[in-house]
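Hi,

Here is the structure I promised to pass along. Have a look at it first, and my notes follow below.

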Amino acid sequence: MNTKKILAKCFDQLSDINPQLFREVKGRLKYPTVAIASAISLVGQILLLGAYASQIPSSKQINYSYYYCFPNYHQDYAEKVCLTDSYGEVLINWDLWWLDIFLWLSFVAVFALFVAGTYMLISDLAKEEKNGTLNFIRVSPRSTQTILLGKLLGVPILLYLAILCAIPLHTWAGLSAQIPLGLIIIFDSAVIAGCIFFYSLAMLFGLTTAYLGGFQAWLGSGLVFSCLAFTYVRLERYSTSVFHSPIDWLNLFNPIVLLPNLVDRNLASLQIAGDYFNYNKLYSWQWFYSPLGAAVASIFGLMLVNYGIWTYGIWQGLSRRFPNPTATIISKRQSYNLVAWVQFMMLGFAMQEGQPDSYSDFIQAVSDNLAYILVLNLLLFCGLIAALSPHRQTVQDWARYSHNNSFKSLWQDLVWGEKSPASVAIAIDAIFAAGLLVPWIFLWPEETIKTAALGSLLLFITAISIYAVIAQLMLLMKTQKRGIWAASIVGTLIVLPIIGFGAFSLEPDDQPFLWLFSAFSWAATEYISFNTVILAFVGQFAILGGLTLLLKRRVNHLGESATQTLLKQGKVPTI
């Protein structure tokens, strides 16, 4: 009875502090669901222990195909056998046995928390939107941060419970594998930081993709799984290349990259523990030529900074989007900071030693690094176009009152304003991103690749600007599905040329001029003269000018039409 009173008092206090969290916890923490979540976690741990227990050899099983024993190097057998003591008992390598259990529990925890938790949050928001209860939550007197924090902590509460049940075994396995408690806490802290980042991103994704219906939860969790799987594959033992690139930045979004630094190097060289990671590649990991992979503290510190900055930016978007579903996700001022941060991180991982030794391989390496940066920037700017571009009603409201603005104030509004079309701001972002890469390119030793790289940056700027104007034009359509139209058209313009080139076997070195008019023009600039690149740039700039003129007329028409409608209805006083 006292326990019930204590729980009731705790729930009352929770309802006063965060009603949304109380609502989520009360709806999910019921005896059947708690029992099921706990049972799934405990049964899974028992099965894992049983599976690894079956790999422990007995005194009658001394063949070295059993992983967890010490090899007998002093016996001349036809095949390797396990080392035994004076009583004939096999000597078991318990450190290695517990290490594998620790690693498996770590893998499962990261994938379960990130993927399943993301799915739960997006699915919950979609359900709230479908039932119409999300609008009631929006008008709550509580702040946006309090409401969404309640969602973040409450929706995956059963998942938290299942992971909590596995923490004792996880910690015991790590300590038994001779991993210091401090390093285990560091890994767990990185997982918590990763959960906050991915869950915040999941809520932002759920709020901005309501038009996808029930598919959005699968898409969001699928993207998270793909990111985790991609970064793990790059760390896995069979990725034998030691070449580093800006893609290494993605590793900071996966706490699994910390695990190799938790494992003793001598133990890591033994059999199955070495099958999880390419240790040589990890220990040579650098950032601005500073050693990063050699110490867990350096990776953990940069990972926390990366998670922290991204999470802060995401919560800025949540604060804008949750109370006002028609607002853009980020402001134009925030987009400039975002572009600068991304270029800074990618350049850091582009500047790593240990590249191929020969001069020709080095030239190819820096060219490939630029290609990776431009591909990542293409993904970044596709996201910026979606996050910055306002829809029809917002632009119409802005255009209605912008006719009397001076030229200076109009440009200030296009660069900094909240409701103006985003094409100018995205073009500035593209120029800014390219400008930050120019000093790095000038450090290259070969003049030919410098020229090709500068040409790639010019074509990148015009291509991004064209996509931004086209997307903004699509968002001014009257149809309710204009967001899908914008994404489909821009996606088609990016993907279709590459599909066409592949279908007709048009390689960059074979038909470089055609490649210059695609989103991947950087692949062809080294096979064509700089004068031809400038010609393509002029052609794309002319296309951009025509589209910009069309956008200007469309915006002016929207503003004039709105004003004329108000005049006809007698809602605007006339002189």
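This is a predicted model: local features need pLDDT of at least 70, side-chain atom pairs count only at pLDDT 80 or more; totals for chains, interfaces and linings use all residues.

**Tryptophan 104 and the rest**

Tryptophan 104 counts as partly exposed, at 37% relative accessibility; on this scale buried means under 20% relative accessible area, exposed means over 50%, and partly exposed is in between (1.4 Å probe, protein chains only). You'll find tryptophan 104 in helix α4, residues 94-131.

Residues are numbered from 1 along each chain as its sequence is written, and side-chain values use heavy atoms, with hydrogens and water left out.

Now the overall picture. The chain has 22 helices and 2 strands, taken as DSSP runs numbered from the N terminus (helices are H or I, at least four residues; strands are E, at least two). Of its 575 residues, 47% are buried. Among contacts with a separation of 6 or more, 74% come from residues 24 or more positions apart, where contact means heavy atoms within 4.5 Å.

On to the aromatics. There are 28 aromatic pairs in the structure. Tryptophan 97 and tryptophan 98 make an edge-to-face one, 4.9 Å centre to centre with 80° between the planes. (Rings of Phe, Tyr and Trp, the last by its six-membered ring, pair if their centres lie within 6.5 Å; planes under 30 degrees apart are stacked, over 60 edge-to-face, and the rest tilted.) Tryptophan 97 is buried because its relative accessible area is 6%, and tryptophan 98 is buried at 17%. Elsewhere in the list, ring pairs link Phe114, Phe197, Phe198, Trp249, Phe253, Tyr307 and Trp310 into a cluster.

A few single residues are worth a click:

- Serine 245 sits in the loop between α9 (215-235) and α10 (259-262). With 1% relative accessibility, serine 245 is buried. Leaving aside neighbours within four places in sequence, serine 245 is in contact with Arg234, Phe349, Gln352, Asn369 and Tyr372.
- Cysteine 227 is in helix α9 and is partly exposed, with a relative accessible area of 22%. The C-alpha atoms of cysteine 227 and asparagine 254 are separated by 8.2 Å, with the residues 27 apart along the chain.
- Threonine 208 belongs to helix α8, residues 181-208, and counts as buried at 17% relative accessibility. A polar atom of the threonine 208 side chain lies 2.9 Å from the backbone oxygen of leucine 204. Not counting residues up to four places away in sequence, threonine 208 touches Arg321 and Ile329.

And what about the surface? Leu175, Leu181 and Ile185 form a nonpolar patch there, with about 260 Å² of accessible area together. Patch members have over 30% relative accessible area and no salt bridge; like charges are joined within 9 Å, and nonpolar side chains (Val, Leu, Ile, Met, Phe, Trp, Tyr) within 5 Å. A salt bridge here is a side-chain nitrogen of Lys or Arg within 4 Å of a carboxyl oxygen of Asp or Glu. Leucine 175 lies in helix α7, residues 157-176, and is partly exposed, with a relative accessible area of 39%.

Cheers

Terms used: Accessible areas come from the Shrake-Rupley method with a 1.4 Å probe; for residues, only the protein chains shown count as cover. A polar contact is a pair of N or O atoms within 3.5 Å; within protein, one must be able to donate a hydrogen and the other to accept it, and residues adjacent in sequence count only if both atoms are side-chain atoms.
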